[in-house]
Amino acid sequence: MFSACFRFAVPQGADLNAMRSLMKERAKQFRNLPGLRSKAFLLDVDRREIGGNYVWETRESLDSYLRSDLYLEVVRKLGEPKELRIYEVPEYVDNATRS
């Protein structure tokens with residue numbers, strides 16, 4: 001598995017409440033996305049940053065996302081990420097699936 005952590009600058013004058021609503025709406029586009037295990041949408045009001053923490057089943061699925069219209073649309077709107085870090089995930093704990 002692989003994790004990708006993105007951080008984008010929020011444009012000056014952007015409505016942060018509108019950003020929250022947009023994240024809720026965009027979450028629908030990530031449901032059942034091939035290879036995506038999880039995504040957390042992030043908002044840091046003080047730093048004026050938005051981003052996401054993703055966990056992908058394979059590096060290929062992560063790389064496919066980085067070439068997708070879904071990702072490139074964000075880059076067209078916000079510019080290149082301030083930070084993009086990719087990590088190998090040797091082990092993954094998901095407490096939401098505990099029984």
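Visitor: Which residues do ring pairs link into a cluster?

Guide: The cluster consists of Phe-6, Phe-8, Phe-30, Phe-41, Tyr-54, Trp-56, Tyr-65 and Tyr-71, linked by ring pairs. The model is predicted, so local features need pLDDT of at least 70 and side-chain atom pairs count only at pLDDT 80 or more, whereas totals for chains, interfaces and linings use all residues. Residues are numbered from 1 along each chain as its sequence is written, and side-chain values use heavy atoms, with hydrogens and water left out.

Visitor: How many aromatic pairs does the structure hold, and what makes two rings a pair?

Guide: There are eleven aromatic pairs. Rings of Phe, Tyr and Trp (for Trp, the six-membered ring) pair if their centres lie within 6.5 Å; planes under 30 degrees apart count as stacked, over 60 as edge-to-face, and the rest as tilted.

Visitor: How do you know whether Phe-6 is buried or exposed?

Guide: Buried means under 20% relative accessible area, exposed over 50%, and partly exposed in between (1.4 Å probe, protein chains only). Phe-6 has 1% relative accessibility and therefore counts as buried. Tyr-54, at 4%, is buried for the corresponding reason.

Visitor: Is the pair of Tyr-54 and Trp-56 stacked or edge-to-face, and what makes it so?

Guide: Tyr-54 and Trp-56 lie 5.9 Å centre to centre with 10° between the planes, and this pair is stacked. Both of these residues are buried.

Visitor: What lies over the face of Phe-30, and on what ground is this said?

Guide: Lys-39 lies over the face of Phe-30, at 4.0 Å from the ring centre. A charge sits over a ring if NZ of Lys or CZ of Arg is within 6 Å of the ring centre and within 35 degrees of the ring normal. Lys-39 also lies over the face of Phe-41, at 3.7 Å from the ring centre.

Visitor: What makes Lys-28 and Glu-25 a salt bridge?

Guide: The closest N and O atoms of Lys-28 and Glu-25 are 3.3 Å apart. A salt bridge requires a side-chain nitrogen of Lys or Arg within 4 Å of a carboxyl oxygen of Asp or Glu, and the pair therefore qualifies. Both residues lie in helix H1 (residues 16-30), three residues apart, so about one helical turn separates them. Lys-28 counts as exposed at 53% relative accessibility, while Glu-25, at 47%, is partly exposed.

Visitor: Why is it said that Arg-26 and Glu-73 tie together parts that are 47 residues apart in sequence?

Guide: The side chains of Arg-26 and Glu-73 meet in a salt bridge of 3.8 Å, N to O. Arg-26 lies in helix H1 and Glu-73 in helix H3 (residues 69-78), so parts that are 47 residues apart in sequence are tied together. Arg-26 is buried at 12% relative accessibility, whereas Glu-73, at 27%, is partly exposed. Together with Lys-77, they are linked in a network of salt bridges.

Visitor: How do you know that the buried residues of H2 line one face of the helix?

Guide: In helix H2 (residues 59-66), the buried residues are Ser-61, Leu-62, Tyr-65 and Leu-66. Seen down the axis of H2, they fall within an arc of 145°, so they line one face of the helix; the arc is that of the directions from the helix axis to the C-beta atoms. Their cover includes E1, H1, E3, H3 and strand E4 (83-88).

Visitor: In what sense do E1 and E3 pair, and over how many bridges?

Guide: E1 and E3 pair in the antiparallel sense over eight bridges, and two strands count as paired if DSSP finds at least two bridges between them. Arg-7 stands opposite Gly-51 in E3. E1 also pairs with E4 in the antiparallel sense, over six bridges, and Phe-6 stands opposite Leu-84 in E4.

How values were computed
Helices (H or I, at least four residues) and strands (E, at least two) are DSSP runs, numbered from the N terminus. Contact means heavy atoms within 4.5 Å.
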